[in-house]
Every structure is written in structure tokens, then in C-alpha cells.
Amino acid sequence: MAITGTRTAMVMSVHEFHRLSSFIYTHYGIKLPMTKKTMLEGRLHKRLVALKLPGYKAYCDYLFSAEGKLSELIQMVDLVTTNKTDFFREAIHFDYLSRHVLPSAAQNDPGKLFSIWSAGCSTGEEPYTLAITLSEFAELNRGFNFSIFATDISTRVLGAAVKAVYSEEKVQPIPLVLKRKYLLKSKDVKNKTVRIAPQLRSKVNFERINFIDDDFSTIQVFNVVFCRNVLIYFDRETQEKVIRKLCSKIEEGGYLFLGHSESISGMDLPLIQVHPTIFKKI
Ligand SMILES: C[S@@+](CC[C@H](N)C(=O)[O-])C[C@H]1O[C@@H](n2cnc3c(N)ncnc32)[C@H](O)[C@@H]1O
């Protein structure tokens, strides 16, 4: 097949869609029904162009070859994941942490390092919001110390998260008083970006973790796990398996925070609901 440069010459067949979508489901948990075919085609098109491949069959053959598995899978995952996120997204969660979870941890386990896992952290807005929330609490509670572990499957978003540079528009949800404390402006006045201050960055460790394929045996146990707006891309069976794995990494009496549209109702899990989308491990 010749490269014509037009999109119409590069239509993904149903067979190719099934090859890709079943691989993505098996290894990453992300469910892509037939209605997502155009979306997948659109997202992967730029890889066909970059690799100078004539069509999706050639792309599949390359992706599933030994060489493709080493170099192309990472790029494909970057394109098929949805990474929408914001600072102080679902702000009630940070409020609940400050009002209920942190005071009881500081009282019951004074001096113990408080640990949180931001599981599916995307470009870093969620772990840095946690770092702001916990730093504010630490300022008023001497001896309180914390660490944040932030993971995602996409190396592209993890790269952005480590850089910690955001547009002024992106940091709008952060209250002004906190912006002044925790954001650094660029020295170049024309540059409308800010960087998260080093005292927050040093509290967050980023790592690539796949909830489906990766074994959690080397991961520590946390006081709190945030896994918000990730499970919506999985089917119910996968959701339950992933939540069970996450629960094994929450200490007894610790908490799991899910996204506003995610539910565990009907699942057999060691959790009780303490607030809509907030669960305590029993
Ligand atoms: C929509 S973002 C949510 C970001 C943040 N938690 C929030 O609520 O704003 C979902 C993230 O989950 C990640 N993700 C999807 N499948 C994953 C998997 N199998 N393992 C780990 N992370 C995954 C995606 O790469 C994406 O960055």
C-alpha cells in the first residue's frame, strides 16, 4: 500500500482494531468498545506518520514485533491513555484529608511518617495538590512529616510531572495565598509558566506502574491511596481486581479515595464508605 498522505488511505480495519483493543485491554485494563475505533485511529495516526508506515496493519505488525514491543509500546500507551486532571480537582477530598484524616493520624501516630499514593497521577496536579495540603497541615502541626508516591502508566505524563512546570491558566484553581507560597514564577516575564517550589517537589517520588501487569509486592503500605478517575476506563471485573490490589497496600484504618463517578457498590472488598467516594479499610 502506498503512502498517499491522506487520512482516507489509512483506515483501520475491524480486525486491526480488535488486535489493538484486545491487547490494550489485556495489558492495561483499558476497555475500548467498537465506538472508540475512530478515536483510536485518530490518536495512533501520528505514529504511522512518524514511523513512515503505510497503514494500521503495518503498525500492528511493528508494534507486536520484538523491536516494537521494546520501543513502540511506550509511545502507544502515551496516546491511548486519557490524562485529564487539575489542581484541587474534587476539592472536597483535600478538605476531608485536612479535617479528618490528618488530625487523627497526627494524634494517633505522632512522629510517624504519613504516606500517600497518588495512583494514576497523570501530569502531577493531584500529587502536588496533596503536597500543598499536607505541607499546610505540617506547618500547623509540628513533628508531622509526609511522603507522596505518585505513579502512572504513561511515561509522557510522568515526564511532565517531574518537570512540574505549568501554565498560569492551569494553576488557577490554587488559592492565591498558596500560589504565593508554593509556586515559582519564571525569571523571564514573557514566560507565562510557573514551577512547583522545590520543597514540594522533594516530597513526591514518581514511578511508572501498570495496575494490570505489575506485581505490587515491592510497593510499601500507605496511610492513604488516591486512585481517582482511573477506574472509569476499566470494566467492572478489572475495577474490582485493581481495587483489591490497591487495598492490599492500604494499612488497616487507612483510606481509599476514588473519583466522583466511581463506585464499589456490590464489590466484595475490605472497605466501608465514610463519605461519598471515600472509603476506610477495615
Ligand atoms: C484521567 S487521569 C486521572 C488523573 C488524576 N488521578 C485525577 O483524578 O485528576 C487517569 C490516569 O490513569 C492512568 N492509567 C490508565 N490506565 C492505567 C493503568 N493500567 N495503570 C496505571 N495507570 C493507568 C492514565 O495514564 C492517566 O494518566
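Colleague: In the hairpin of β9 and β10, which residue takes a positive phi?

Modeller: Bear in mind that this is a predicted model, where local features need pLDDT of at least 70 and side-chain atom pairs count only at pLDDT 80 or more, while totals for chains, interfaces and linings use all residues. Residues are numbered from 1 along each chain as its sequence is written. Strands (DSSP E runs of at least two residues) and helices (H or I runs of at least four) are numbered from the N terminus. The hairpin has two residues between the strands, and the one with a positive phi, near 70°, is T277.

Colleague: Which residue in β10 is the bridge partner of I272?

Modeller: β9 and β10 run antiparallel and are joined by four bridges; two strands pair if DSSP finds at least two. β8 (residues 250-258) also runs antiparallel to β10, with three bridges, and there Y255 stands opposite K280. In β10, the partner of I272 is K280.

Colleague: Which residues form the uncovered face of β10?

Modeller: In a regular strand, side chains alternate between the two faces of the sheet. In β10 (residues 278-281), the covered face has F279 and K281. The uncovered face has I278 and K280.

Colleague: Okay, zooming out: by how many degrees are neighbouring strands of the open sheet turned against each other on average?

Modeller: The sheet has seven strands in the order β6-β2-β1-β7-β8-β10-β9, with mixed pairing. Its edge strands, β6 (204-208) and β9 (271-275), each pair on one side only.

Colleague: Which residue in β2 stands opposite I116?

Modeller: β1 runs parallel to β2, and six bridges join them. On its β7 side, β1 (residues 114-119) is again parallel, with three bridges to residues 222-227, and W117 has V225 as its bridge partner there. In β2, the residue opposite I116 is I148.

Colleague: Which residues of α8 are buried?

Modeller: "Buried" means 20 or more other C-beta atoms, placed from the backbone, within 10 Å of the residue's own; 12 or fewer is exposed, and in between is partly exposed. What covers the buried residues of α8 (residues 155-163) includes β2 and β6, and six of the seven residues of β2 are buried themselves. The buried residues of α8 are V157, L158 and A161.

Colleague: Why do they line one face of the helix?

Modeller: The thing to look at is the arc, taken over the directions from the helix axis to the C-beta atoms. Seen down the axis of α8, the buried residues line one face because they all fall within an arc of 100°.

Colleague: What is the phi of S122, roughly?

Modeller: Most residues other than glycine have a negative phi. S122 sits in the loop between β1 and α7, and it counts as buried because it has 25 C-beta neighbours inside 10 Å. Its phi is positive, near 50°.

Colleague: How far apart are the C-alpha atoms of L183 and V194?

Modeller: L183 is in strand β4 (residues 183-185), and with 20 C-beta neighbours inside 10 Å it counts as buried. Leaving out residues up to four places away in sequence, L183 touches V171, V194, I196 and A197. L183 and V194 are 11 residues apart along the chain, and their C-alpha atoms are separated by 6.1 Å.

Colleague: At roughly what angle do α6 and α7 cross?

Modeller: F94, L97, S98 and L102 in α6 meet T129, T133 and F137 in α7. The axes of α6 (residues 92-108) and α7 come within 10 Å and cross at roughly 40°.

Colleague: How far apart are the axes of α2 and α5?

Modeller: Helix α2 (residues 37-50) brings L40, R43, L44 and R47 to Q75, M76, L79 and V80 of α5. This crossing is right-handed, and the two helices count as oblique (under 35 degrees is roughly parallel, over 145 roughly antiparallel, 65 to 115 roughly perpendicular, the rest oblique). They pack at about 140°, and the distance between their axes is 9 Å.

Conventions:
Two residues are in contact if their C-beta atoms, placed from the backbone, lie within 7 Å. Axes are lines fitted to C-alpha atoms, for helices over the stretch in contact, and angles run from 0 to 180 degrees between N-to-C directions. A crossing is left-handed if the near helix is turned anticlockwise from the far one by less than a right angle, and right-handed if clockwise.
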